[in-house]
Amino acid sequence: MYLMRGGRGDVLYVGKSTQVRTRLLSYFRLPWPEHRHARMLRETAHIEWEPHPSEFAALLREVRLIRAHLPRYNVRSARPLDKWWVITIAKGLTPRLRVQRASAAARSRDVAQIIGPFASRRPLVDALRVLNDALGLRDCSDRIRMHVRDVAELFEEHHPAMQRTPACHRYETRRCLGPCVGATSEYEYRTQLTRAKAVLEGRDDSPQQHLVREMAVASAALSYERAGWLRDRLTALQDLESQLARVREALSRPSCVYAVPGRQGDDRLYLIRHGRVVAEARCADPDSVNDLQALESRATQAPSGAMVDQLDELLLVESWLRGRQGERALVADSVVGALQALACSYSSVGSSVGSSTSNGISSTSA
Ligand code: SF4
């Protein structure tokens with residue numbers, strides 16, 4: 001792990017390599033000013049490096065440093081967040097459900113709630129269109145001005161807001177409550193938004209149930225085209241629900257302890273809660289292992305949604321463990337279980353013929 005700092009001490013770049021010296025020397029051969037790293041080198045006044053006992057430790061540190069410093073030259077390293085999509089609910093009187101890149105959501109100051117992450121955008125867009133139509137929520141641009149009314153004003157037939165025409169057909173076709181034309185109150189809109197949140201949190205399946213009933217009616221009336229259209233909408237909502245269930249499962253996952261064999265015997269234990277690393281301990285240091293055990297016994301409450309500022313860490317842990325089946329043997333329910341798993345991995349390495357990589361255990365230097 002290495003950091004390149006500018007003249008004022010600002011972090012320009014956070015990098016990770018098993019051959020730091022070779023990597024840094026390679027920057028000197030890059031064409032200037034065409035190459036980004038060559039330009040970065042010109043601005044660099046100071047280089048720091050820190051060894052880490054494993055690839056996982058280095059990745060975790062890299063993610064945290066990038067989050068803390070947002071280095072200008074870390075375009076590539078910022079991409080893991082760019083690959084993922086989230087549903088966001090903005091602040092304001094009449095917020096809309098929106099599909100955004102995880103990186104954009106993490107940077108935004110207007111986001112009140114984030115749901116996700118998800119691997120692809122298209123299914124989310126399709127499902128949110130169905131949900132918005134079912135609950136009458138707006139899906140238009142933030143540039144369109146909203147004119148919600150007080151409840152008393154709803155009965156004023158000639159209220160100025162009612163003289164406006166909507167900017168889209170969704171109000172005319174009864175798929176939107178029409179906050180742009182003053183056809184709804186803030187309370188009514190908020191009620192529907194609360195229902196949408198309940199659907200996204202798996203507490204309400206009334207939109208799906210409604211579609212099932214409509215499908216039955218269409219089929220009974222031999223209106224097969226409409227039944228097929230309704231089935232596609234139902235499938236979109238069901239697909240979203242199965243993706244949301246996966247996210248909820250990751251967030252509500254109970255504590256686990258991940259043992260990572262380290263270089264030169266520097267083995268580490270990581271306490272993972274709700275998909276994120278909350279503490280770590282050096283196996284060679286009994287005090288730090290005891291501290292981790294004490295922390296492990298403390299109960300915590302699961303977050304209701306992905307925490308924006310730690311989304312990158314959630315994604316790192318998810319993709320690391322998903323992509324390495326061999327590492328799962330080193331994940332245990334407790335500190336004691338993780339230490340036992342680590343001991344087993346060493347005994348199996350000792351008894352196996354061949355290298356340590358045969359059982360999937362990595363001890364790569366950072
Ligand atoms: S009817 Fe108005 S508020 Fe609703 S989506 Fe269309 S423009 Fe937006």
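**Local features of the predicted model**

V14 is a buried residue, with a relative accessible area of 0%. The description that follows concerns a predicted model. V14 belongs to strand β2, which covers residues 11-15. Although V14 and R61 are 47 residues apart along the chain, their C-alpha atoms are separated by 9.7 Å.

Two peptide bonds in the cis form may be described next. One joins W32 and P33, with an omega of about 10°. P33 is located in a loop, between helix α1 (20-27) and helix α2 (36-43). The other cis bond joins G116 and P117, and here omega is about 15°. In general, most peptide bonds are trans, and most residues other than glycine have a negative phi.

The backbone angle phi is also of interest at two leucines. L70 is not a glycine, yet its phi is positive, at about 40°. This residue is found in the loop between α3 (55-69) and α4 (79-82). L70 has a relative accessible area of 67% and is therefore classed as exposed, since the cut-off for that class is over 50%. L222 likewise has a positive phi, near 60°, in a residue other than glycine. Its place is the loop between α8 and α9 (224-252). Because its relative accessibility is 58%, L222 counts as exposed.

In an unreviewed entry, UniProt lists residues 205-240 as "domain: UVR". In the model this span is 89% helix and 0% strand, and its end C-alpha atoms lie 12 Å apart. Helix α8, made up of residues 206-220, includes Q209. The relative accessibility of Q209 is 36%, so this residue counts as partly exposed; the class lies between the limits of 20% for buried and 50% for exposed residues. The C-alpha atoms of Q209 and L234 are separated by 9.0 Å, with the two residues 25 apart along the chain.

Helix α11 is formed by residues 311-323. From the first C-alpha to the last, this helix of 13 residues reaches 18 Å, which is close to the 18 Å expected at 1.5 Å a residue. Helix α11 is mostly covered, as 10 of its 13 residues are buried. The buried positions begin with the run L311, D312, E313, L314, L315, L316, V317 and E318, and they also include W320 and L321. Charged residues are among them, namely D312, E313 and E318. In an α-helix there are 3.6 residues a turn, so residues three or four places apart point the same way.

Key. Residues are numbered from 1 along each chain as its sequence is written. This is a predicted model: local features need pLDDT of at least 70, side-chain atom pairs count only at pLDDT 80 or more; totals for chains, interfaces and linings use all residues. Side-chain values use heavy atoms; hydrogens and water are left out. Helices (H or I, at least four residues) and strands (E, at least two) are DSSP runs, numbered from the N terminus. Buried means under 20% relative accessible area, exposed over 50%, partly exposed in between (1.4 Å probe, protein chains only). UniProt positions are given in the numbering used here, feature names are shortened, and annotations may be inferred rather than shown by experiment. The expected span of a helix is 1.5 Å times one less than its number of residues.
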